[in-house]
Amino acid sequence: MHTAELQATPIAPHEQAAEAVATLTSVTKSYGPVQALDGLNLTLRKGEIVALLGPNGAGKSTAVRLLLGLCAPTTGEARIFGRDPREALARERIGAMLQVAALPRTLKVKEHIDLFRSYYPAPLPAAEVVRIAQLEGIENRLFEALSGGQQQRLLFGLALCGNPDLVFLDEPTVGMDIEARRGLWIQIRALAAQGKTVLLTTHYLEEADALAHRIVVVNKGRVVSEGTPAEIKSRGAGRLIRCRTALRPELLRTLSTVTSAEVADGLTTVMAASPETALREMFALDRELHSLEVVSPGLEDAFLAITGS
Ligand code: ADP
Ligand code: MG
């Protein structure tokens, strides 16, 4: 597959000002002493694929649960289609693929699809769900007889049964091989191309990079960075220097333009806004420095630099 096909179609300028279909405004959410969200702001617009990225416990699932109307904010406001997410009229327009879907194991694929379609006033035709979720040929198979990847595809199909305008996908491709993941990416892009809005949580940075128009990085219940994948990567603060050196990370962090320094397995990694400046100082301090490599940070490096984890 050509790499260009793996990139999300850029949102046209007129769509950037498209209507907000979901918002979280200054939302806090506490579970007893635990503050899961701490003043989170999030806006999802029509036709957009947004990836919510963050380390474990960052508050991603809590944000999704608030938008699904499964819980209420402690303070602040959650809105979908201008309504409280707990209202039936708002919920009819959303579909969700959740991480922990406990489906009856002894129902067939097509029975699950018909059951989910029955919950909605204007469902997609069952054959359409089967096609989009790539379930052709296994409609009569029991849920328990499906492979992990097939179960994921069924969960994806069930999220679309109501022909939703807003789709929540929590780790949608977990357990899938790369070919199945790419197949699902194509379907997810097709949803956005039809004007549907997709909120995706994933811990595959490659997935966020390939799919999302916009990435929202969350840490400790707050948005710490937000932008296109390219913008997020460029915020990884300059260039990544890899080398072997006797210089300690504590010292390297004090050099000009250096934002972080780590050593693992004898290999030192330094993030520097200006690699030339940093390297001049490094060579002055260690003439034996060798195995040098200077690269643009990938999304993963940027993510680590942003969340400091
Ligand atoms: P993420 O999905 O980013 O891993 P979560 O939204 O699940 O993060 O959790 C955010 C924080 O809130 C974590 O510290 C988690 O332990 C806590 N938390 C989430 N749900 C509950 C709950 N039902 N009861 C108590 N604490 C919770
Ligand atoms: Mg989660």
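Predicted model: local features only at pLDDT ≥ 70, side-chain atom pairs only at ≥ 80, totals over all residues.

1. Lys60 belongs to helix α3, which spans residues 60-67. Although Lys60 is buried, no salt bridge is found for this residue. Glu171 is the nearest side chain of opposite charge, at 5.8 Å, whereas a salt bridge is counted only within 4 Å.

2. What lies 2.8 Å from a polar atom of the Lys60 side chain? The backbone oxygen of Gly54 is found at that distance.

3. Beyond the neighbours within four places in sequence, Lys60 is in contact with Leu52, Leu53, Gly54, Pro55 and Thr201.

4. Strand β7 covers residues 197-201, and five of its five residues are buried. On one side these are Thr197, Leu199 and Thr201, and on the other Val198 and Leu200, so that both faces of the strand are covered, with buried meaning under 20% relative accessible area.

5. Strand β7 pairs with β3 (residues 49-53) in the parallel sense, over four bridges. Strand β6 (residues 166-170) also runs parallel to β7, and five bridges join the two. Within this second pairing, Leu166 has Thr197 as its bridge partner. From β6 the chain passes through helix α8 (residues 178-193) to reach β7, a β-α-β crossover that is right-handed.

Methods: Residues numbered from 1 in each chain as written. Chains lettered and ligands numbered in written order. Heavy atoms only, no water. Buried < 20%, exposed > 50% of the residue type's maximum accessible area, 1.4 Å probe, protein only. Lys, Arg positive; Asp, Glu negative; His and termini not counted. Polar contact = N/O pair within 3.5 Å; in protein donor to acceptor, adjacent residues only side chain to side chain. Contact = heavy atoms within 4.5 Å. Pairing = 2+ DSSP bridges. Right-handed = clockwise from strand over helix to strand, strands pointing away.
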